[in-house]
Amino acid sequence: MNATNYAQLFQFALPEVIVVVTALIALAVDLLFLRASSTRLRFTIAAILGSLGCAGAILRLLHSPEQASLLNGMLLANPLTHLVQIALLAVAISTLLISAGSTFTEHIGEFVLLILIATAGMMFLVGSQDLLVIFISLELLSLSLYILTAFDKSSAQSSEAALKYFLFGGMSAAFLLFGFSLLYGFSNSTSLPRIADAIHAAYASNPHLNPLLAIAIVTTVIGFGFKVAAFPFHFWAPDVYQGAPAPSAAFIASGSKVASFFIFFQVMVVGFAGAEGSARWLHFVPGWVAVLAIVAALSMVLGNLVAIVQSHVRRLLAYSAIAHAGYMLLALVAHTQQSLAALLYYVVTYALATLGAFGVVAIVEQRTGGDRLSDFDGLSRLSPVLSACMFIFLLSLAGIPPLAGFFGKFYLFVSVLDSGPGLLWLIVLAIAMSAVSLYYYLQVLKRIYVANPAAEVANASAQAATIRTPFLSQAGIILLAAGIVILGCAPHLLLEWIHAAIRASGI
Amino acid sequence: MTWIVQNLWLVPVLPILAAGISALAKQRNRLLAASLAIGSLALSFLLSLCAFAHVLSLSSQGLETRQVIDFRWFQFGGEWLKLGWMLDPLTAIMLVMVSFVGLLIFIFSVGYMEHDENFTRFFCFLSLFAGAMLGVVIANSLLLFFMCWEIVGLTSYLLIGFWYHKPEAAAAAKKAFIVTRIGDLGFFLGMVWLYAQTGTLLFYDHGAGCLEHSALAALVAHITTVGMAASTGIALLIFCGAAGKSGQVPLHVWLPDAMEGPTPVSALIHAATMVAAGVFLIARVYPLMSVHAGLAGPLVPTTALIVVAWVGAITAVFGALIAIAHYDIKRILAYSTISQLGYMMMGLGVGGVAVGMFHLITHAFFKSLLFLGAGSVIHGCGGEQDIRKMGGLRKSMPITFLAYTAGMLALCGFPLFFSGFWSKDAILDAANTWSVSKMPFYLGAFGALLTAFYMTRQVYYVFAGKSRLSENSSEAAHASHASATPHESPAVMTVPLVILAAFAVFLGLVGTPAWPWFQSFLDDQRATLNFAAFSGPGVASVMLASSLLVFLGLGLGWWFYGRRPIESADAPDAFGQLQPHIFSVLGHNFYVDALYGATIVRLNTGWSRVCDWLDRWVWNGAVQTVSHLVLAFAWIDNFFDANIVNAGFDEGCETVSRGGQLLALLQGGRVQSYLRTIGVALIALAVFLLWGATR
């Protein structure tokens, strides 16, 4: 390998460097100067520091060169990766804002550090077309997330969830690595375009699916299916959503989803180009599209149906996340430019709504001590603003116009229908399942708006009102709700940007 | 000055913002609500004046006066949905009228609603209405127009039912909403059809709009299966919406009932602006209404315009006839409004945009004057609305009397000095030269006679003679103090009256045949002073005839009601004594409401019973079955997830907690089964692929 220009590399990775340095600064400030302060103040300061760092990285991204590629595509920059990275940083900022004021841990500097490190991992992840870098960044992200899940040391649930997450994640990482090594053996390269060339060559000599390739496809799908929590690789999700501290769960449900879906799309569409197969009704052709169609359909059905009988809001959100993963996989099944745009719009708006919903859940938990549905009884009378925000988040997740979730679903389904004939069965299934999902979202809203607050809760909240909701997290939640309404009323604000980025990146 | 075009959106947005803020502010803050509403509308008025001056300067320089600004809203398939706003003479005049009349009525309301406990809600709704109405005026897209139009309908509903604790008010609000909705259905269908035909809903879009030449030519050329041009069909459907909003026969029934709302609302919404929106709609889409095949001259009436003219003419006489036989001061004015709206439609049909719009503008001023005057009278009489119980108010309410008389003479069309004369004369003049039929002219002339008659009747009842208020409402007087003696209203109410009176008198001077500034401004031409126009063919004779009719009407009114003062509230109506049968039919509004009640409403009730039955027993059963099925599936699924997948782990968990070793537990139980699932999935998917590949 030729000598790398380190100055060039540094300039290239400057946004990530900013994030990592901010993480270290936040840790140092917290450990050196704030040991004696109250947890709440330390969290607020650390969150503000972290947010500033992320904002700096966003500014840098907005002014960095349009196209660049280092080390044969190991590191890649184009408008599309910039856009996704900016979305990730925005998610990180929201997470930090929501977590400001939490009291679940003493180790605040470490918490912020891990969030930022995970963010850096995601940024590297989306900016690469090389198996090696993808895997390393994925591990950086995953390891940070395992620790974040375990962060509430006082809760056994938290450690239990983290351990399950870790074991499950380790296993699927092993599968992923196995698949990657098969791909390397198949093509003699770790670069996605080269792998695609090798697949083309293989198909040219034999029109059937190569068995080696079939195994590689399945193991890769398992590896990423774990990250996006698709059936049957979803088992960790309900436990982690339930057990992890609320900000960690919010981050896992939003940021990690955005990054994973983007790179999943990249790996499948760029790396496995030529081995698509087909998922047309009654015309299945083996290939990754066929596998993903099955996984998507199962995820939609299982996620939505099981969510109906949940009695905890976090578990409900977890199963709804599985269902949403099913919808989003449809974009991979369609694998067109249009569906990539729809996927990005969907996943970003979904991330906003999920973050907000978890933010509200966190505040309710601080007040009532749990996330059972009955803990939400009569919330509208205790804090109307939070309830209104939750109303927006849940209806957006359910896909009610004019909120962003509706347009997300709309564009996604349209893009799938436009991609070719024979996929109607998936859309019909998805729409039917969306209708089902409305039921459980409305269950929560019914609790909030119709049910009467339990007497002791009302009394307790009267006292809790003195322990006000932290200003930063409330502001963060309101901003998220406003974002969803604005993106719903004017979807072109984001869509035009996405379309322009996709065109400029030539994918 | 182009900044005014760029920022024209501020005109409707300011009042809407004010409505939003006062909706969120504390209920009790009256000063804030009133000053927000009045302040925002005053700003809108100033902006409207700027816009008007801008158009005026463009037109005096002979430049293109229509300026449009379009923007993209959102993408729909491959199409961008565009909205936009425009500034042209029609918009400019309407903007100034709506914001000015609205401002005066807002100020008046401060006095009128002083004692109402829902003062802030009232101003919130009024501001929302004003914003939406201004939005209607500036819209350059039929869709935006429709959206604002619907908000206007909503606020009308809210304000008619403002005193919702009165059952009549609640019923009237519902009626208004549903009847206008019937018209709106036609409007909506027309809009959809128009979009299907032309692919755009923008009025003007640099040659690509739906009111511009290429789209219109395509619409005319497209002949539907029943042999009617698409343009005619669309125009008629859109006219349905206009007829609903503007109370044209047969959709007029809601307007008299709408008088249950507070009087300023009647003045603003149901006299000056909202009901005129239908007329404005026709004026806005006039190119569509008047387009016809081939190269015939612009004077050839199209089917759509003939329908508009006939409906207008019939409504004009219909409303005026009913107004003769009512005793409620506001209902008389309501029927008079219906009649005058008929004139406007007729003017549009026979004479074009300028003729109809001129009457719209003058009518807005004198009819809001009359309504505010009626409000002042009602306020002064402690809530009494029956004209039989009033009388003698000339002495106790002198300012109101003078202003009201000015409005009444303007409405009657008293020659030369009052605005109504000039605008009504323009309509009659155009009807006289209409090539299709002379009938609308005769109907219009008859309506003018009736107008003078019923207004004279009303004024004699209310203001002449001596007060009959105390004799009949003596019990009421005991209950509510101060209502026994009528009193003049405070200055905050009389000053708007005086201003409106001044406009009601002088506004007509901008549109006389000798100096038709208004008409030429709308048509983008230069007006010249030319007294010879009076001697043009037909002009003088029509003016003379309509003057004679007005004098005849006033004379008849005096003969019946002024000759002998009305002695008591129980005395029968003088005209009613002469023709009891006709009077009774008129008093029952030609039995139109009864007819609707017996046919459409009954049909609807029956149908809704059938639907209810179907819903309860057929559909509900089906839905219940499906939902139980889904629930059952969910339980099975959950059972699978919880008992088969998780059971192993839970089992393990219990063992472990007994042993107290969480880690050991985790290792032993759940994760195994989790990981086993991955293995199963791997095998299943791989088999699926490989089997498919070798097949």
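Two residues are in contact if their C-beta atoms, placed from the backbone, lie within 7 Å. Keep that cut-off in mind for this tour of a predicted model.

**Stop 1: chain A.** Select chain A and colour by secondary structure. You will find 21 helices and 4 strands. Now look at burial. Of the 507 residues in chain A, 60% are buried. Next, turn to the contacts within this chain. Take those with a separation of 6 or more; 79% of them are between residues 24 or more positions apart.

**Stop 2: chain B.** Chain B runs to 695 residues, and 51% of them count as buried. For its contacts between residues at least 6 apart in sequence, 75% join residues at least 24 apart.

**Stop 3: where the chains meet.** Show both chains together. How many residues of chain A are in contact with chain B? There are 34, and they touch 27 residues of chain B. Stay on the chain A side and select four helices in turn: α7 (156–187), α9 (211–228), α12 (288–308) and α21 (492–505). Each of these elements gives two or more residues to the side of chain A that touches chain B. Which element gives the most? That is α7(A), with 9 residues.

Stop 4: Keep the chain A residues that touch chain B selected, and colour them by residue class. Nonpolar residues number 28. Another 4 are polar, and 2 are charged.

Note on methods. Residues are numbered from 1 along each chain as its sequence is written. Chains are lettered from A and ligands numbered from 1 in the order in which they are written. This is a predicted model: local features need pLDDT of at least 70, side-chain atom pairs count only at pLDDT 80 or more; totals for chains, interfaces and linings use all residues. A residue is buried if 20 or more other C-beta atoms lie within 10 Å of its own, exposed if 12 or fewer, and partly exposed in between; C-beta atoms are placed from the backbone. Ala, Val, Leu, Ile, Met, Phe, Trp, Tyr, Cys and Pro count as nonpolar, Asp, Glu, Lys and Arg as charged, and the others, Gly among them, as polar.
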